Amino acid sequence: MKLDLSELLNGKRSAVSFDYAFDPTQVTGDCAAMPDDVTIPENGIRVRGEAVDSFGTLMLRADVTVSYETRCARCLDPVSREFSFRMERMVLTGRETEREFSHLTEDGEWDGVTDDILYVNEGYVDADADIVEEAALAVPTFDLCEPDCPGLCPKCGRKLRDGGCECREEKYINPQFAVLQTLLDKKKED
Ligand SMILES: [Zn+2]
Ligand SMILES: [Zn+2]
C-alpha cells in the first residue's frame, strides 16, 4: 500500500502510523516469489508500524505477520501457519546529500547494501515489494501437522496416523537391508 508521508515530510507530524493487510498478488513489479508449496490467503500479510522522523532521518519500522497455507512435510496434509518479523527501512526523499546515505563508506564508496532503503515518490512510500521479499526469505520450509506426525507408510503410501495400514504389522524392511536380512535368516538356518 502507498503510505502517505506528506505530513511527515512537511514537518506537520513527527510520526505517521499505519496498519493494513495485503496479499502478494497485489504487488506489482519485481519481487521474490513465495515457495511453490506456500499459499498466502487474501490479505494474509498484516503490516503494523510507523514512519518517523528521527533527527532528520526518516525511518520506517513495521511488524509484519504472514498467514500461509502449506502441506505437512511428512503426511502432506494441509497446514495453516503464521510467522512474524520486524522490518526496518531508511526512507530517502531524494533531497539528501550523498553524505547522508548511510551506505556510503568514509571514502564515499557504495557498500553494496541497497535493500534497506525505500524512496519517497510524490509524498508516498510503498514498502510492499520489500515486505514480500522478506516474507519469502523468512517463510519456514519445513512444517508438520503435528510435531510427532508419523508420516506415510513407505510401502503403500497410506497415512500412518489414521490407524495406518496392514503393512505395519509385517514390519517394513528397507530394500537395502533386505539382502542382509536374507543372509541373517540363512545363517540361522545353518
Ligand atoms: Zn503430518
Ligand atoms: Zn502401508
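**View 1. A salt-bridge network links Asp77, Glu146, Lys159 and Arg161.** The model shown in these views is predicted. The structure holds 10 salt bridges.

**View 2. Strands S4 and S5 form a hairpin.** S4 covers residues 57-71 and S5 residues 78-92; the two run antiparallel and are joined by 14 bridges. Between the strands lie 6 residues. Leu76, in the turn, has a positive phi of about 70°. Ala62 stands opposite Met87 of S5. Glu88 and Arg61 form a salt bridge, with the closest N and O atoms 2.7 Å apart. Glu88 belongs to S5 and Arg61 to S4, so this pair ties together parts 27 residues apart in sequence. Glu88 is partly exposed at 41% relative accessibility. Arg61 is also partly exposed, at 27%.

**View 3. Strand S5 pairs with strand S6 in the parallel sense.** Leu92 has Tyr119 of S6 as its bridge partner.

**View 4. Arg89 and Asp130 form a salt bridge.** Their closest N and O atoms are 2.7 Å apart. Arg89 lies in S5 and Asp130 in helix H2, so the contact ties together parts 41 residues apart in sequence. Both residues are buried.

**View 5. Cys153 sits in the loop between helices H2 (128-138) and H3 (175-189).** Cys153 is buried, with a relative accessible area of 7%. Beyond its sequence neighbours up to four places away, Cys153 touches Arg158, Leu160, Cys165 and Cys167. Cys75 is 78 residues from Cys153 in sequence, with 9.2 Å between their C-alpha atoms.

Definitions and conventions
Residues are numbered from 1 along each chain as its sequence is written. Chains are lettered from A and ligands numbered from 1 in the order in which they are written. This is a predicted model: local features need pLDDT of at least 70, side-chain atom pairs count only at pLDDT 80 or more; totals for chains, interfaces and linings use all residues. Side-chain values use heavy atoms; hydrogens and water are left out. Helices (H or I, at least four residues) and strands (E, at least two) are DSSP runs, numbered from the N terminus. Buried means under 20% relative accessible area, exposed over 50%, partly exposed in between (1.4 Å probe, protein chains only). Contact means heavy atoms within 4.5 Å. Two strands pair if DSSP finds at least two bridges between them. A salt bridge is a side-chain nitrogen of Lys or Arg within 4 Å of a carboxyl oxygen of Asp or Glu.
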